[in-house]
Amino acid sequence: MRVLDAELAALEDAGLRRRLRPLASASDAEVVLDGRRVLLLSSNNYLGLATHPAVKAAACAAIERWGCGAGASRLISGHLELHAEVEAKLAALKGTEAALLFPSGYQANVGAITALVGRGDHVYSDALNHASIVDGCRLSRASVQVYPHRDVQALEAALAATPRGGRRLIVSDSVFSMDGDRAPLQALAALAEEYHSWLMVDEAHATGVLGPGGAGLAAADGVGARVTVHMGTLGKALGAAGGYICGSRALIDLLVNRARSFVFSTAPVPAAAAAAKAGIEFVRSAAGRERCRVLWQRTDAFSKFEISNLKFQSAIVPIVIGDETQAMNAAATLREQGIFVPAIRTRPSPAARRVCG
């Protein structure tokens, strides 16, 4: 195993080695880390629903009725009425004909992209899309063109230069997970229509906190009906776990048959599905709208500290350091002061290295 030791040593020298840090408490505003309470500023539990009494009660009730595991993949015997109920709630939230649950957001992206495009097809992906989108594009074996971040002109040039033939899929985060900025969805929708392409939008960091009733950025920007594939997660603002795809009935039926990460995965556990259902109901309620109001009020207050050079457009507040070692040192200093903000490190470029809170 010496070759693995050498690889780990290289990661260590580059300031890129990752380690797990177990928490001794639930994800909340404060958590117990290394035996003491610290302020948590690196969670995507944006509305605090992971510990909300109604969400926890729904999960406990589901265990009593449905048990701990679904027992099989959905197409074998793991499809529960509960799963269908959650999918109906998601379709109503997104204003689509149907929805499909996946065990994780990663599996939803990989499964949808690889089911929709393949050899001879074309995918256009924003340079700062989530890794699950990147991996889905690679695994699809389609021709992948990565356009500069939010650069609509570059995307149009790529679309115009693509020869005819094959399917075309434009895919983008709606809220980008590192910088927290928003995709130009209206422009993307217009290009998709002009160049006969499908538009797939990852709403992981927008579901529950943006748009009417937490429907996401596509709904907020008025382009929900122009998006072919709506993707999102249940494990962020909704406080549960899992991922979903929403869209036409034909799209969902195709994914049931072709998305390998759906077909060959055990169904989402009942507790997570029930918690997601309760989370969806909450964000669409008056209490949910009030929590969103408080979230944006606190984000705005935080922005007044002027610790970031980016305009806040979401619940993600990035603090860009620009160097792995300095980012690690900053995270360690904050941890000593009772603030848990792990350093996010990536290989691509200095501009992509940051501490995120």
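Phenylalanine 264 is found in the loop that runs between helix α11 (260-263) and helix α12 (270-283). The model is a predicted one. Because exposed means over 50% relative accessible area, phenylalanine 264, at 62%, counts as exposed.

On the surface, Val3 forms a nonpolar patch together with Met1 and Leu4. The accessible area of these three residues together is about 350 Å².

**The sheet of β1, β2 and β11**

Three strands make up an open sheet in the order β1-β2-β11, and the pairing in this sheet is mixed. Strands β1 and β11 (339-340) are the edges, each pairing on one side only. The two pairings are set out below.

| Strand pair | Sense | Bridges | Bridge partners |
|---|---|---|---|
| β1 (30-33) and β2 (36-40) | antiparallel | four | glutamate 30 and leucine 39 |
| β2 and β11 | parallel | two | leucine 39 and isoleucine 339 |

The hairpin of β1 and β2 has two residues between the strands. In this hairpin aspartate 34 takes a positive phi, near 55°.

**Helix α8 and its surroundings**

Helix α8 spans residues 185-194, and its buried residues are Leu185, Leu188, Ala189, Leu191 and Ala192. Viewed down the axis of α8, these buried residues fall within an arc of 165°, so they line one face of the helix. An α-helix has 3.6 residues a turn, so residues three or four places apart point the same way.

Which elements do the buried residues of α8 pack against? Their partners include three strands, β5 (143-147), β6 (168-173) and β7 (198-202). Helices α7 (152-161) and α9 (217-220) are also packed against by the buried residues of α8. After α8 comes histidine 196, with a positive phi near 50°.

Key:
Residues numbered from 1 in each chain as written. Predicted model: local features only at pLDDT ≥ 70, side-chain atom pairs only at ≥ 80, totals over all residues. Heavy atoms only, no water. Patch = residues over 30% accessible without salt bridge, like charges linked within 9 Å, V, L, I, M, F, W, Y side chains within 5 Å. Areas by Shrake-Rupley, 256 points an atom, 1.4 Å probe, with all protein chains shown as cover. Salt bridge = Lys/Arg side-chain N within 4 Å of Asp/Glu carboxyl O. Pairing = 2+ DSSP bridges. Buried < 20%, exposed > 50% of the residue type's maximum accessible area, 1.4 Å probe, protein only. Arc of directions from axis to C-beta. Contact = heavy atoms within 4.5 Å.
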